[in-house]
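Please look over the notes below alongside the model.

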Amino acid sequence: MQKLTIENFGPIQQAEIQIKDILLFIGPQASGKSTISKAIYFFKSLRDDLFRYILDILNGVEPPPPNDSVANFSRRARDKFLGIYGSVSHFTSMYLHYSYDNGVYIEVVPAAENAAYTNIWLSGRFSQEFKPLVARTVRFKQDAEKRKRDRFLSSSEALTLDAEERAFIQS
């Protein structure tokens, strides 16, 4: 069961919402319906962003992370959050927490160093699962590039390599 907790954000002082297949928000204008809807969209769409991050590494758009892939992804998530909401400098005590399944959660809090920004905190469980996935992706990409460099690939070998990449992405 997924759950969203919001505190001191927009017109919402405190809300805890169980995320179900169908949610209906009814209320007066400026009561927080859009704020909640955008938060749900943000947190649920991070899975697609994670997939896109992996594809960007495979396609060479995103250089392989030198050290901390979690921090790189967190920065991407922060940029997306700011793209949705803009500056949150006036929400100095905001707190958003989204619990996914299996102990994975993400929190959004004001950045102490710059009030116009936010920090995106990813749970330890997220990091435990994410880092090996990125490392495996980097190894797969390096192996594929090495196979391409070592010799001229026949069309059959190129198709096999392409099929292996698709299978890797689907796994």
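1. The model is predicted: local features need pLDDT of at least 70, side-chain atom pairs count only at pLDDT 80 or more, and totals for chains, interfaces and linings use all residues. Residues are numbered from 1 along each chain as its sequence is written, and side-chain values use heavy atoms, without hydrogens and water.

2. The largest pocket holds about 750 Å³ of space. A pocket here is an open set of points on a 1 Å grid over the protein atoms alone, where a 1.4 Å probe fits, with protein on both sides within 12 Å along at least five of seven lines; lining residues have an atom within 4 Å of a point. Its volume is the space filled by probe spheres set on the points, which are joined across faces, edges and corners.

3. Of the 24 residues that line the largest pocket, Arg47, Leu50, Phe126, Glu129 and Leu133 lie nearest its centre.

4. The second largest pocket has a volume of about 150 Å³. Its lining includes Arg75, Tyr117 and Trp121.

5. The whole structure has 13 aromatic pairs, counted when ring centres of Phe, Tyr or Trp (its six-membered ring) lie within 6.5 Å; planes under 30 degrees apart are stacked, over 60 edge-to-face and the rest tilted. Phenylalanine 42 and phenylalanine 81 have ring centres 5.2 Å apart and planes at 75°, so they are edge-to-face. Both are buried (under 20% relative accessible area, 1.4 Å probe, protein chains only).

6. For phenylalanine 43 and tyrosine 98, the centres are 5.1 Å apart and the planes at 15°, so this pair is stacked. Both phenylalanine 43 and tyrosine 98 are buried.

Key:
Buried < 20%, exposed > 50% of the residue type's maximum accessible area, 1.4 Å probe, protein only.
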